[in-house]
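This report goes through a protein model one topic at a time. Keep the sequence and the 3D view open while reading.

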There are 2 protein chains.
Amino acid sequence: MPAAVIDGKAISQSLRDQLKADIAKLKEAQPAVNPKLALIQVGTRSDSSSYIRLKQKAAAEAGIEFALHQFPETATLNDILSQIQILNEDNSVHGLLVQLPLPEHIDEALVIDAISPKKDVDGLHPVNVGKLVVRGSAPLIQPCTPKGIMELIRSTGITIEGKNATVVGRGDLVGAPMSLLLTSANATVTLCHTKTSDIVDHIKRADILVVAIGQANYVQGDWIKPGAVVIDVGMNYVPDSSKKSGYRTVGDVDYAAASKVAGHITPVPGGVGPMTVAMLMDNVYLVAKSSSQ
Amino acid sequence: MPAAVIDGKAISQSLRDQLKADIAKLKEAQPAVNPKLALIQVGTRSDSSSYIRLKQKAAAEAGIEFALHQFPETATLNDILSQIQILNEDNSVHGLLVQLPLPEHIDEALVIDAISPKKDVDGLHPVNVGKLVVRGSAPLIQPCTPKGIMELIRSTGITIEGKNATVVGRGDLVGAPMSLLLTSANATVTLCHTKTSDIVDHIKRADILVVAIGQANYVQGDWIKPGAVVIDVGMNYVPDSSKKSGYRTVGDVDYAAASKVAGHITPVPGGVGPMTVAMLMDNVYLVAKSSSQ
């Protein structure tokens with residue numbers, strides 16, 4: 001039996017509909033509260049601009065005010081830090097994020113550290129990440145992509161507790177916080193990375209597999225444990241002359257082969273991708289709601 | 001061939017000798033810098049008092065000034081937070097810790113959050129824990145017991161990178177930060193806990209095994225991978241009428257059986273225990289040194 005497809009687009013749409021209703025309710029109950037997201041962009045990378053447009057559109061749909069603060073590629077660290085300080089202190093702003101990546105001359109860690117943890121809707125500030133580790137101190141804000149993946153896993157109806165979960169990739173945005181969220185949900189997590197020596201064995205044992213390494217079709221079908229939940233975070237562009245654009249988008253997992261073995265699997269595109277922006281909006285809502293209490 | 005014993009007592013003594021020399025050198029180079037540790041004790045638990053005496057003694061030996069601030073069992077959260085505030089702002093204090101556990105009416109998380117992350121020599125503040133996760137942002141201060149365990153593992157001469165490490169127990173003091181330090185050292189880490197369903201399999205696969213669950217002789221000898229490095233964090237008291245005290249101290253691992261299979265193993269007592277206080281002193285030194293630069 002082929003794997004059930006985890007439809008991130010539909011799940012994300014339903015979450016966004018719910019969020020829109022929740023925000024309308026919040027505004028009605030507390031007219032003084034108007035959820036607002038401020039975003040700082042440095043430079044004009046076209047991929048960043050596309051992501052920002054997606055966020056702007058999602059904010060508008062949800063009923064979240066959106067303010068974009070743009071700086072030239074040549075902006076200094078101090079320019080950015082000054083703007084962050086202003087937005088940290090601005091009570092009308094609930095969520096604040098800096099679009100990554102930043103130009104090379106700017107230290108990302110210093111920028112992220114400067115954002116008030118209370119407004120850090122990307123969930124990347126060390127104090128929020130630390131609260132993912134410390135027992136009984138869950139942060140209000142969880143990093144968007146792993147938070148979205150937890151929703152996708154829960155949507156399958158499987159029990160997470162007691163399952164073996166393998167996370168491939170230990171990046172700050174997905175792999176590392178993903179391993180923490182899965183441990184908090186009582187899975188037994190193995191975190192794999194470029195230095196892992198027997199990665200296939202770790203993948204074969206996974207009841208829940210999350211792959212976030214950015215290598216097209218890396219995970220083979222026969223590495224998948226039969227019935228596993230497979231979450232593919234990869235977004236890789238491979239040449240394809242049959243497409244008008246000249247390329248097609250594939251994940252880190254060989255979807256055709258894996259979907260014959262897995263129990264549930266996310267497609268690429270349309271799996272994890274649509275969840276991230278929805279979760280960002282949810283984080284803005286959570287901050288606005290907690291600030292109104 | 002029986003396992004080589006990892007002599008925590010000797011390794012800790014050699015680190016303490018080195019630290020004493022380093023501190024003397026720091027004081028000579030910068031006479032204005034006088035490393036100082038402040039400790040807050042609430043109540044009069046006898047085990048806490050014993051640990052505090054150990055810390056006081058180790059500080060004296062290392063050349064670290066020590067100040068003990070004692071509060072009655074009935075102290076309020078505000079009493080403790082006010083004292084923390086004073087010590088956070090006192091430039092003569094480099095390291096500040098609150099002896100755990102606290103009386104039940106005081107929220108430990110709020111107390112730990114109040115300690116300046118720069119003086120948090122226990123390494124338990126969420127921002128310091130978060131920096132263990134975020135790539136390329138290692139905190140100045142690492143939690144004492146896991147930091148000591150890394151020294152013990154390194155003392156065996158094995159290569160950590162690429163090894164399978166299983167950590168049993170996900171507590172804030174040992175298991176959770178241990179898994180982060182081992183991942184940073186490029187091991188592939190599986191973090192097991194009370195909800196893990198096939199714990200023996202995870203233990204059997206471990207090239208490096210760290211057990212911190214507080215259950216006497218839980219890990220059996222035939223669960224150990226031949227040649228593994230076995231770190232036993234347990235300190236359990238079992239009745240023993242042949243002892244004058246009426247009990248003996250055993251670890252979480254069946255030492256007699258495991259030491260026939262492992263490559264290297266820590267004894268209990270005399271393994272992990274002596275390292276923790278030495279690492280605490282090292283953390284005070286690191287803060288004092290960085291404050292002098």
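## Asparagines with positive phi

B:Asn217 is partly exposed, with a relative accessible area of 31%; buried means under 20% relative accessible area, exposed over 50%, and partly exposed in between, with a 1.4 Å probe and protein chains only. The phi angle of B:Asn217 is near 55°, a positive value in a residue other than glycine. B:Asn217 sits in the loop between β7 (208–211) and β8 (229–232) of chain B. Helices (H or I, at least four residues) and strands (E, at least two) are DSSP runs, numbered from the N terminus.

A:Asn186 also has a positive phi, about 70°, although it is not a glycine. Its loop runs between α7 (175–184) and β6 (188–192) of chain A. A:Asn186 is buried, at a relative accessible area of 14%.

## How the model is read

This is a predicted model, in which local features need pLDDT of at least 70 and side-chain atom pairs count only at pLDDT 80 or more, while totals for chains, interfaces and linings use all residues. Residues are numbered from 1 along each chain as its sequence is written, chains are lettered from A and ligands numbered from 1 in the order in which they are written, and side-chain values use heavy atoms, with hydrogens and water left out.

## Cis peptide bonds in chain B

B:Leu100 and B:Pro101 are joined by a cis peptide bond with omega of about -5°. B:Pro101 belongs to the loop between β4 (95–98) and α4 (108–114) of chain B.

Another cis peptide bond links B:Val268 to B:Pro269, with omega of about -5°. B:Pro269 is found in the loop between β11 (264–265) and α10 (273–291) of chain B.

## Domains of chain A

Chain A is divided into domain 1 (32–118) and domain 2 (144–273), with bounds from an automatic or database domain assignment. Taken over C-alpha atoms, the centres of domain 1 and domain 2 of chain A are 29 Å apart.

An unreviewed UniProt entry places "domain: Tetrahydrofolate dehydrogenase/cyclohydrolase catalytic" at residues 6–122 of chain A. UniProt positions are given in the numbering used here, feature names are shortened, and annotations may be inferred rather than shown by experiment. Residues 6–122 of chain A are 50% helix and 15% strand, with 24 Å between the end C-alpha atoms. The unreviewed entry puts "domain: Tetrahydrofolate dehydrogenase/cyclohydrolase NAD(P)-binding" at residues 143–290 of chain A. That span is 34% helix and 19% strand, and its end C-alpha atoms lie 17 Å apart.

## A covered helix and a buried histidine

How many residues of helix α5 (residues 126–133) of chain B are buried? Seven of its eight residues are, and the helix is mostly covered. Among the buried residues of α5(B) are B:Pro126, B:Val127 and B:Leu132. The buried residues of α5(B) pack against α5 (126–133) and α7 of chain A, together with α4 and α7 (175–184) of chain B.

B:His125 lies in the loop between α4 and α5 of chain B. At 7% relative accessibility, B:His125 counts as buried. Not counting residues up to four places away in sequence, B:His125 touches A:Val127, B:Ile112, B:Asp113, B:Ile115, B:Pro117 and B:Asp120, where contact means heavy atoms within 4.5 Å.

## An exposed tyrosine

A:Tyr237 lies in strand β9 (residues 236–239) of chain A. A:Tyr237 counts as exposed because its relative accessibility is 51%.
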